[in-house]
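Biologist: Could you take me through this structure, one feature at a time?

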Amino acid sequence: FHIMTSIKRKIFQKMTRTNFISLIPVYKTNTSLHRLAINILGSLMIACFLQSCSSEGKESPGKTDSTDVAVKTEVFAVQKGLLTTSLQIPGELIAFQQVDLYAKENSFVKKLYVDVGSEVKTGQILAAMDEPELNSQLSAAASRLKSQEALYIASNANYDRLIETSKTPGTIAPNDIDLALAKKNSDYAQLQAAKAAYQGVANTRDYLEIRAPFSGVISARNVNTGAYVGPSGKGSELPLFTLQEQKKLRLVVSVPEAYTSYLHENDTISFKVNAFPEKTFSAYVKRLAGALDVRLRSQRIEMDVINTDKTILPGMIADVHISMSAKDSVFIIPKSALVNSPERMFVIRIANNKAEWVEVKKGRELDGKVEIFGNIKPGDNLVKTASEEIRDRSTIGEVKQVNLH
């Protein structure tokens, strides 16, 4: 009663504001009739309001609840295929050959024939050294050689004369002939030693000329004319020159253990360098270490890069793109079909309306697809969206076959 009275009061106030009350005739002489008319009109409006609320709460006869429809489990027939992925790793470009050139003997730089950037050929003289003491040693070795030659010539002639004289019976004692032969052989040995000593000093003198061991480019020069140089650590801390072969480079990469099986000799790879971001270069796999680095757990792989125009420089860092295609077909499934729980990794196979958890191993992954290895056969029905909520050996209701292709 109190609720109805409150509603009627609010309706009356609303009608007063909108001048609806003017629709009701006002009798100044009979206020009770006036009050009765207002009550009747308010009751009618409340009835209409309640009727509309009741009609909105009812459902249409033809409408059905979607929750009453059973959800079907989506399955697909697993098939084998080839999954082609790629690996992007950094690599380093180094000269195909590189050497630091030092002076073999302590000496002074007499003349430099090349500088940084000079392109040289095999055997070309790069610098000439001067060592006065070595010249004296060579002169002394030459004198000893001539002295030994003279002694050998004399002993050899004496032995020949004794042999000729001994042809007359009784003229030369056999002991004299033996002594002459021994002296000849001794002088010959001394002569050979003198020749070796002279040749050694002469070869050392040849080291005073620094020559290029192979064709390449001088990438560093650390001396000037008149500088005192020598072997590494004894006369020079830095090399005279650094020579690099730049028309052919090595691209060195360290491939992680999981991807070593996808690279083989003569495979082609592509790479880019920061100096030419719009250009793609190619290289060929030539050398594989055949073992993993114990620290990085990766295999060192070297590729040959032809660089005839010397566009690429040794020392550049390359962004290497390696395409890895599987050699044999494997089972490929959507990533959603693989369950990776703390205890195991498995897929759910449906057979005879029963769910079966099948343990598998995961391979490579690309674009929402993943390789699996396990006790799976082509044509097995696997749950597309698998989870641990589908328990092992549980009964599955209706299934819906979907095509992944």
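This is a predicted model: local features need pLDDT of at least 70, side-chain atom pairs count only at pLDDT 80 or more; totals for chains, interfaces and linings use all residues.

Modeller: Residues are numbered from 1 along each chain as its sequence is written, and side-chain values use heavy atoms, leaving out hydrogens and water.

Biologist: At roughly what angle do the axes of helix 3 and helix 4 cross?

Modeller: Axes are lines fitted to C-alpha atoms, for helices over the stretch in contact, with angles from 0 to 180 degrees between N-to-C directions; helices are DSSP runs of H or I with at least four residues, and strands are E runs of at least two, numbered from the N terminus. Here helix 3 (residues 132-165) and helix 4 (residues 174-206) have axes that come within 8 Å and cross at roughly 160 degrees. The two are therefore roughly antiparallel, a term for angles over 145 degrees.

Biologist: In what order do the four strands of the open sheet lie?

Modeller: Strands of a sheet pair through backbone hydrogen bonds, either parallel or antiparallel; pairing requires that DSSP finds at least two bridges between two strands. In this sheet the order is 7-6-4-9, with antiparallel pairing, and the edge strands, each pairing on one side only, are strand 7 (209-211) and strand 9 (228-229).

Biologist: Is R250 buried or exposed?

Modeller: Buried means under 20% relative accessible area, exposed over 50%, and partly exposed in between, using a 1.4 Å probe and protein chains only. R250, found in strand 10 (residues 241-256), counts as buried because its relative accessibility is 18%.

Key: Angles under 35 degrees count as roughly parallel, over 145 as roughly antiparallel, 65 to 115 as roughly perpendicular and the rest as oblique.
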